[in-house]
Amino acid sequence: MQVHEKRRDLVANVAALKRDQKTVGFVPTMGALHKGHLALVERAIAENDIVVTSIFVNPTQFNNSEDLVNYPRTLESDVKLLSELKSNDIIVFAPSPKEVYGDQMSSINYNFGGLENEMEGKFRPGHFDGVGTVLKHLFTIVSPTRAYFGEKDFQQLQIVRKLVEIEKMPVQIIGCPIYREDSGLALSSRNKRLNEKQLKASPLIYKILKQAKKDFGTKSAVKLNEWVSLQLKKNEELKLEYFEIAKVSDLKSIKRKQKDTKYRAFIAVFAGDIRLIDNIALN
Ligand code: AMP
């Protein structure tokens, strides 16, 4: 397995492979890899000749500087985990910010047709501009055939689809299912920071989503919102930031359901200063 830190090395490596008509799968990550990331890499290996996995904690997508400082950085064990997949077809790209951004580390101001103003966009100002900008740079460097994203960050997935449309980038975006602990907790690099009590409380998040899905046919969105707020008020470890039932197409939250429309429920909670998000398809 090769690990490149320099942009020019990665570009040269991929260019040579593409000259041989190889397809390139790309899995962008911020490292602190877990089984959810590895599932994306395995899918990419199955569907492409080679796979580039980037490990880059992107400063421009953090709206909270403490979160950026506290974000786990575990490059050595990440590389080990990827090497345990025993594939000769993985290339790791672990650049410094300068390799990605050059001398100017700033975000492009994107209009994602309003997707950027909902949920995560409301609570994390500038976040999706940072995500869009880093992916524009990374897609340019890696020039992948296909890129793989988790439904764990469903809003991000929809925004990336929009990004490649706006930037006219010839890459196919593939969404992958959420990987969970047996407890139901969606795997996340931030879970590493949960203490014992928080970890014990955390399965409630998915339990709530599953119950919301069950009740979606019979209860109104307003009633479900009230019920979710109550469940979290009763819990000492978790604090609700938002719960929304939204249309999949535009991610706008709804009060009333319409026929023939796809919905998802989205939730963000804090366990101490650790922010956890999750979502579920409702119909
Ligand atoms: P991150 O390193 O958190 O930026 O995530 C990198 C990619 O892995 C993103 O496309 C995430 O949506 C995806 N991902 C993170 N956690 C999970 C999970 N539990 N299941 C599936 N995909 C995930």
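Biologist: Between which strand and which helix does Asn-191 lie?
Modeller: This is a predicted model. Asn-191 sits in a loop. That loop runs between strand 6 (172-176) and helix 9 (196-201).

Biologist: Is Asn-191 buried or exposed?
Modeller: Its relative accessible area is 10%. Buried means under 20%. Asn-191 therefore counts as buried.

Biologist: Which backbone oxygen does the side chain of Asn-191 reach?
Modeller: Set aside the neighbours of Asn-191 within four places in sequence, and its contacts are Leu-185, Ala-186 and Leu-276. The side chain of Asn-191 comes to 3.1 Å from a backbone oxygen. A polar contact needs N or O atoms within 3.5 Å. The oxygen belongs to Ala-186.

Biologist: What is the phi of Ala-32?
Modeller: Ala-32 is in the loop between strand 2 (24-29) and helix 2 (35-47). Most residues other than glycine have a negative phi. Ala-32 is not a glycine, yet its phi is positive. The value is near 50 degrees.

Biologist: Is Ala-32 buried or exposed?
Modeller: The relative accessibility of Ala-32 is 0%. The cut-off for buried is under 20%. So Ala-32 counts as buried.

Biologist: Where does Met-119 lie?
Modeller: Met-119 is another residue to check for phi. Its phi is positive, about 30 degrees, although Met-119 is not a glycine. Its place is in residues 119-123, which form helix 6.

Biologist: Is Met-119 buried or exposed?
Modeller: Met-119 has 0% relative accessibility. Under 20% means buried. Met-119 therefore counts as buried.

Technical notes
Residues are numbered from 1 along each chain as its sequence is written. This is a predicted model: local features need pLDDT of at least 70, side-chain atom pairs count only at pLDDT 80 or more; totals for chains, interfaces and linings use all residues. Side-chain values use heavy atoms; hydrogens and water are left out. Helices (H or I, at least four residues) and strands (E, at least two) are DSSP runs, numbered from the N terminus. Buried means under 20% relative accessible area, exposed over 50%, partly exposed in between (1.4 Å probe, protein chains only). A polar contact is a pair of N or O atoms within 3.5 Å; within protein, one must be able to donate a hydrogen and the other to accept it, and residues adjacent in sequence count only if both atoms are side-chain atoms. Contact means heavy atoms within 4.5 Å.
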